[in-house]
Amino acid sequence: MNRKHQKTLDSIFELPTRSGISWRDIETLFDACGGEITEGEGSRVRVALNGVRAVFHRPHPKPETDKGAVVSVRRFLSEAGVKP
C-alpha cells in the first residue's frame, strides 16, 4: 500500500465522517488491499476482500462519495480486517 492509499484509508476512518472522497481512490484502495472488484448491473460494484463481500453503488453524476457511502465502506473494511 502506497502513501496515497494510506491517505485514502485514513480519510475513510476519520471522525467525524467525511464526504467527498473520490470513488476512484476507494476502488484503488480495495485493489491495493487485495480485493477482487467485479462490475454489476448499472452502477453496482461487487467487492470481495478477505472473505467478506459487499455491493456498492458508484456515485453519479459526481465522482465523490457521500457520508453514507463512506460509512458503508468503513464498515466493510473493518469487517475485512483493514484498518489504518
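Trainee: How many residues lie between S2 and S3 in their hairpin, and which residue in the turn has a positive phi?
Mentor: Please keep in mind that this is a predicted model. The hairpin of S2 and S3 has 2 residues between the strands, and Asn-50 in the turn has a positive phi of about 50°.

Trainee: In which sense do S2 and S3 pair, and over how many bridges?
Mentor: S2 pairs with S3, residues 52-57, in the antiparallel sense, and the pairing extends over 6 bridges. Within it, Ala-48 has Arg-53 of S3 as its bridge partner.

Trainee: What about S1 and S2: how many residues are between them in the hairpin?
Mentor: There are 4 residues between S1 and S2, and in that turn Gly-42 has a positive phi of about 60°. S1 covers residues 36-39 and S2 covers residues 44-49; the two are antiparallel and share 4 bridges.

Trainee: Which residues of S2 are the bridge partners of Ile-37 and Thr-38?
Mentor: Ile-37 is bridged to Val-47, and Thr-38 is bridged to Arg-46.

Trainee: What is the strand order in the sheet?
Mentor: The order is S1-S2-S3, in an open sheet of 3 strands with antiparallel pairing. S1 and S3 are the edge strands, each pairing on one side only. From one strand to the next, the twist averages 20°.

Trainee: Which strands does H3 touch?
Mentor: Helix H3, residues 67-79, packs on the sheet and touches S2 and S3. The direction of H3 makes about 165° with that of S3.

Trainee: Moving on to the other helices, at what angle do the axes of H1 and H2 cross?
Mentor: The axes of H1 (residues 3-13) and H2 (residues 23-32) cross at roughly 110° and come within 9 Å. H1 is therefore roughly perpendicular to H2.

Trainee: Is the crossing left-handed or right-handed?
Mentor: H1 passes H2 in a left-handed crossing.

Trainee: Which residues make that contact?
Mentor: From H1, the contact is made by Lys-4, His-5, Thr-8, Leu-9 and Ile-12. H2 contributes Asp-25, Ile-26, Thr-28, Leu-29 and Ala-32.

Trainee: And how many of these are nonpolar, polar and charged?
Mentor: The contact of H1 with H2 has 5 nonpolar residues, 3 polar residues and 2 charged residues.

Definitions and conventions: Residues numbered from 1 in each chain as written. Predicted model: local features only at pLDDT ≥ 70, side-chain atom pairs only at ≥ 80, totals over all residues. Heavy atoms only, no water. Pairing = 2+ DSSP bridges. Axes fitted to C-alpha atoms, helices over the stretch in contact; angles between N-to-C directions. Contact = heavy atoms within 4.5 Å. Parallel < 35°, antiparallel > 145°, perpendicular 65-115°, else oblique. Left-handed = near helix turned anticlockwise from the far one by under 90°. Nonpolar A, V, L, I, M, F, W, Y, C, P; charged D, E, K, R; others polar.
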